[in-house]
Amino acid sequence: MNKITVKIDGMMCGMCEAHICETIRNAFPDAKKVSASRKSGEATFLYEKEISEEILKKAIADTGYTFVSVSSEEQKKHGLFGR
Ligand SMILES: [Cu+2]
């Protein structure tokens, strides 16, 4: 499982956060624990496979926000997000 962290510019309120979460879920239906924070300007989610940066970038741009960067980090089973 990979923890994906996406830096996004332009989130101003809770609605924006909800929009971003919805966008990510639509673009990557297998994404888990999708969350977005306007405070940190980023969204995070868990994903089994490699994500396509192109799809992510386009989905966020199409929603009206600015994609800044994405990083992926291997998540251990017994880590913070383990079950
Ligand atoms: Cu907003």
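Alanine 31 sits in the loop between α1 and β2 (32–37); helices (H or I, at least four residues) and strands (E, at least two) are DSSP runs numbered from the N terminus. The model is predicted: local features need pLDDT of at least 70, side-chain atom pairs count only at pLDDT 80 or more, and totals for chains, interfaces and linings use all residues. Residues are numbered from 1 along each chain as its sequence is written.

Alanine 31 has 19 C-beta neighbours inside 10 Å and therefore counts as partly exposed (buried means 20 or more other C-beta atoms within 10 Å, exposed 12 or fewer, partly exposed in between, with C-beta atoms placed from the backbone). Beyond four places in sequence, alanine 31 contacts Ile24, Arg25, Phe45, Leu46 and Tyr47 (contact: C-beta atoms, placed from the backbone, within 7 Å). On the same criterion, isoleucine 24 touches Ala31, Val34, Ala43 and Phe45.

Ile24 is also among the residues with the most contacts inside the largest nonpolar core, which has 14 residues (a set of buried Ala, Val, Leu, Ile, Met, Phe, Trp, Tyr and Cys joined through C-beta atoms within 7 Å). Two or more core residues come from each of β1 (2–9), α1 (14–27), β3 (42–47) and α2 (53–63). β1 gives the largest share, three residues.

α1 and α2 pack at about 140 degrees, with axes 10 Å apart (axes are lines fitted to C-alpha atoms, for helices over the stretch in contact; angles run from 0 to 180 degrees between N-to-C directions). The contact involves His19, Thr23, Asn26 and Ala27 of α1 and Ile55, Leu56, Ala59, Ile60 and Thr63 of α2.

How values were computed:
Two residues are in contact if their C-beta atoms, placed from the backbone, lie within 7 Å.
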